[in-house]
Protein chains: 2
Amino acid sequence: MSVLIVGSTALDSIKTPYRENRRLLGGSASHAAVAASFFAPVKLVGIVGDDFPKRYVRLYRRHGIDLEGLQVARGKTFHWAGEYEINMNNRRTLATELGVFETFTPILPEAYRQAPFVLLANIAPALQHHVLNQVRRPRFVVADTMDLWLNIALNDLLKLLRRIDALVLNESEARQLTKEDSTITAAKKIHRLGPKYVIVKKGEHGALLSAPGGTFISPAYPLKRVVDPTGAGDSFVGGLIGHLAASKGSLETNLKQGMIYGSVVASFCCEGFGLTRTTRLTRDAIKKRVLQLKRMLRY
Amino acid sequence: MSVLIVGSTALDSIKTPYRENRRLLGGSASHAAVAASFFAPVKLVGIVGDDFPKRYVRLYRRHGIDLEGLQVARGKTFHWAGEYEINMNNRRTLATELGVFETFTPILPEAYRQAPFVLLANIAPALQHHVLNQVRRPRFVVADTMDLWLNIALNDLLKLLRRIDALVLNESEARQLTKEDSTITAAKKIHRLGPKYVIVKKGEHGALLSAPGGTFISPAYPLKRVVDPTGAGDSFVGGLIGHLAASKGSLETNLKQGMIYGSVVASFCCEGFGLTRTTRLTRDAIKKRVLQLKRMLRY
């Protein structure tokens, strides 16, 4: 079944201690869509400017991503520039140029409205609401977010929590939202705000799912070298929803498996700048690493 | 089979954002010995002053810990005072009073020298060497360490690495020792310094084993509330060696299981000040949490 993904479609200029790359294809929706495309057909909702490189449109197409919902507007594509510190764990934003994103109103093509699986990738909660208003009874809606929205759009976000099945956020955001140090206690509090499923991302340490059936610990694949972690979280949730859309049977079991798949796609994402490593992936390469990860947990 | 444990035996004054407790039983050997005692008979090597409370001697005895190797010297017991920050991840040392530890020379009673399993808990590498010099062909030797010894006794530590089967250290120490950001790359480098088994502790995120048979990811039990993390790492390695001493069959498999058991004892340790929670443990409570943790990994 297909996955509808809305989020940012951007150009990323990324500096690490080792290298710098300008105007790579980036944005939460780009990473999530490419990740999901290895598992299920993807319908992308986003906006780019008339400066958006044709090669990136071709890249989306190579992954079979439906672009009917990608608006091309006059003006500049959203541009983000950031720099990572030596251990790759801390990053600072050097520039955020919203461009055409400033006036973005997502409009869903008719064919998109029936999508059974919806990923509201990281983007302003008001836009996530706007997309939800246009879909018809989706089976499963997962939303990602970031600290920025906790700071400037908390009310919109809290309203969103009552409309979604699963929330994905990282450890520090979970702490910020709930004032709880413990991930597991924070997740319990977030359930009370709405989502039946809460997924807390811990970067290189994996992720944790809190669900009606209990807690699930999803470890990360240990990497020999991190080249660029940008988009890893988006790849994780993209892989997750893609796997979910492709699977039959128990939703909760599929969600757990989806976290493992998402975690593996995210690990590949970190091995190259922007989407360069992810786009070269195959389902076989993903499956192989999933098995490797499984072996690392066996005792 | 029995486990010989050498390390610090101390009085800890611990301050957290919520409470303060003075002169608790602490030290790497105390935590490790109590943790190991749930699995195997323990022979303790350490030193305390004549101010060492009798109730702590009784506590050791209740856990069946052999105290023939515990010296009681004239003077003050090693005292450590520390304070945790709000999220319990950062701590600062307020006082370190070595007392009788300053002149400690571990002397092994005859009955100790045959111990098949040896844990060199965190203590100066010179003392770890001194103990190793006295044991006769142990089956398995694991050493723990800390950043202090990397800073002031690196040569002693490097020599020790050539004499042990397994090294346990935390993430930042692995980075400091190898100048590698990646845990897995750091572990590979540490193998070349001697130990066949390298265990990198990641606190609340679990631990990673690098072994000839591959990598093993040992997750931590997610806690609802951390009361005091002091001694968690020592409890982890104590539980690990205790399980190892109690198990037959493949060493590497036992080591993996031992990490799970150690991780569970460490999780209990964090739920009380000093050793207060750990000492109230039972094998059944440990087994129950091991099963819970196992369930959290199933998908």
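Is Arg23(B) buried, partly exposed or exposed, and what is its relative accessible area? Arg23(B) is partly exposed, at 36%, where buried means under 20% relative accessible area, exposed over 50% and partly exposed in between (1.4 Å probe, protein chains only).

A word on the model: it is predicted, so local features need pLDDT of at least 70 and side-chain atom pairs count only at pLDDT 80 or more, while totals for chains, interfaces and linings use all residues. Residues are numbered from 1 along each chain as its sequence is written, chains are lettered from A and ligands numbered from 1 in the order in which they are written, and side-chain values use heavy atoms, leaving out hydrogens and water.

**Salt bridges**

Over all chains, the whole structure holds 22 salt bridges, each a side-chain nitrogen of Lys or Arg within 4 Å of a carboxyl oxygen of Asp or Glu. Here are some of them.

| Pair | N to O distance |
|---|---|
| Arg92(A) and Glu83(A) | 3.1 Å |
| Lys189(A) and Glu180(A) | 3.2 Å |
| Arg23(B) and Asp51(B) | 3.6 Å |

Asp51(B) is partly exposed, at 24% relative accessible area. Glu83(A) is also partly exposed, at 22%. In chain A, salt bridges also link Glu110(A), Arg113(A) and Arg136(A) in a network.

**Nonpolar core**

The largest nonpolar core has 124 residues, of which Ile5(A) and Ile5(B) touch the most other members. Such a core is a set of buried Ala, Val, Leu, Ile, Met, Phe, Trp, Tyr and Cys residues joined through side-chain atoms within 4.5 Å. Beyond its neighbours within four places in sequence, Ile5(B) is in contact (heavy atoms within 4.5 Å) with residues including Ala29(B), Val42(B), Lys43(B) and Leu119(B).
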